Amino acid sequence: MGLTQVSEKGIKDGEIINADINASAAIAGSKVSPNFGSQTITAGVATFGSTTLGDTTIDSLAPTLNFDDSNSTPDYRIINNSGTFEFQDKTNSYAARIKINTDGHVDIPGNLDAEGGIDVTGDLTVDTNTLYVSSSNNRVGINTTSPDY
């Protein structure tokens with residue numbers, strides 16, 4: 001490659017190519033147009049004071065959103081893990097706090113406080129068969145899932 005010189009007349013189009021730019025060149029982001037077309041952009045950590053996102057897609061094997069605050073714990077993440085949608089506690093070994101399974105049922109491993117009441121439209125089962133309420137025949141069973149009354 002020949003030496004490219006800059007004169008008072010400027011630089012002709014096509015005279016500088018990627019190979020002419022040192023990999024350690026620190027070009028300020030304000031000097032670059034941020035429109036990269038359809039190419040994939042890989043970035044490190046980005047901080048935005050106030051960000052508005054429109055229709056956003058996160059596409060990966062296990063897409064994840066992290067919620068880390070700088071002064072308190074726990075920190076959380078939302079992840080789609082093999083079709084299971086989870087709210088996880090990052091501070092406590094990524095423990096699932098709410099989990100929506102692939103068949104649609106929801107697991108809440110901790111206690112659930114429902115201050116506004118609970119409406120159940122199907123059968124109610126507590127601890128397998130300790131208490132069972134049948135919505136189809138309006139019967140209540142204790143220690144049975146086939147109540148007679």
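Hi everyone, let's start with the second largest pocket, which has a volume of about 210 Å³. A pocket here is an open set of points on a 1 Å grid over the protein atoms alone, with protein on both sides within 12 Å along at least five of seven lines. The volume is the space filled by probe spheres set on the points, with grid points joined across faces, edges and corners.

Before going on, a word on the source: this is a predicted model, where local features need pLDDT of at least 70 and side-chain atom pairs count only at pLDDT 80 or more, while totals for chains, interfaces and linings use all residues. Residues are numbered from 1 along each chain as its sequence is written, and side-chain values use heavy atoms, with hydrogens and water left out.

Back to the second largest pocket: which residues line it? They are Leu112, Ile118, Val120, Asp123, Leu124, Thr125 and Val126, where a lining residue has an atom within 4 Å of a point.

Now, how many salt bridges does a search of the whole structure find? It finds two, taking a salt bridge as a side-chain nitrogen of Lys or Arg within 4 Å of a carboxyl oxygen of Asp or Glu.

In one of them, Asp68 pairs with Lys90 at 2.8 Å, N to O. Asp68 sits in the loop between β1 (64–67) and β2 (76–81), and Lys90 in the loop between β3 (84–89) and β4 (95–100), so this pair ties together parts that are 22 residues apart in sequence. Strands here are DSSP runs of E, at least two residues, numbered from the N terminus. Asp68 is partly exposed, at 48% relative accessibility; buried means under 20% relative accessible area, exposed over 50%, and partly exposed in between, with a 1.4 Å probe and protein chains only.

The other joins the side chains of Asp89 and Arg97, again with 2.8 Å from N to O. Asp89 is buried, at 2% relative accessibility, whereas Arg97 is partly exposed, at 36%.

Last, some backbone angles for you to look at. Ser82 is not a glycine, yet has a positive phi of about 55 degrees. Ser82 belongs to the loop between β2 and β3 and is exposed, at 66% relative accessibility. Asn143, also not a glycine, has a positive phi of about 60 degrees. You'll find Asn143 in the segment after β8 (139–142), exposed at 56% relative accessibility.

Conventions. Helix = DSSP H or I, 4+ residues; strand = E, 2+ residues; numbered from the N terminus. 1 Å grid on protein atoms, 1.4 Å probe; cavity = no way out; pocket = protein on both sides within 12 Å on 5 of 7 lines; lining within 4 Å.
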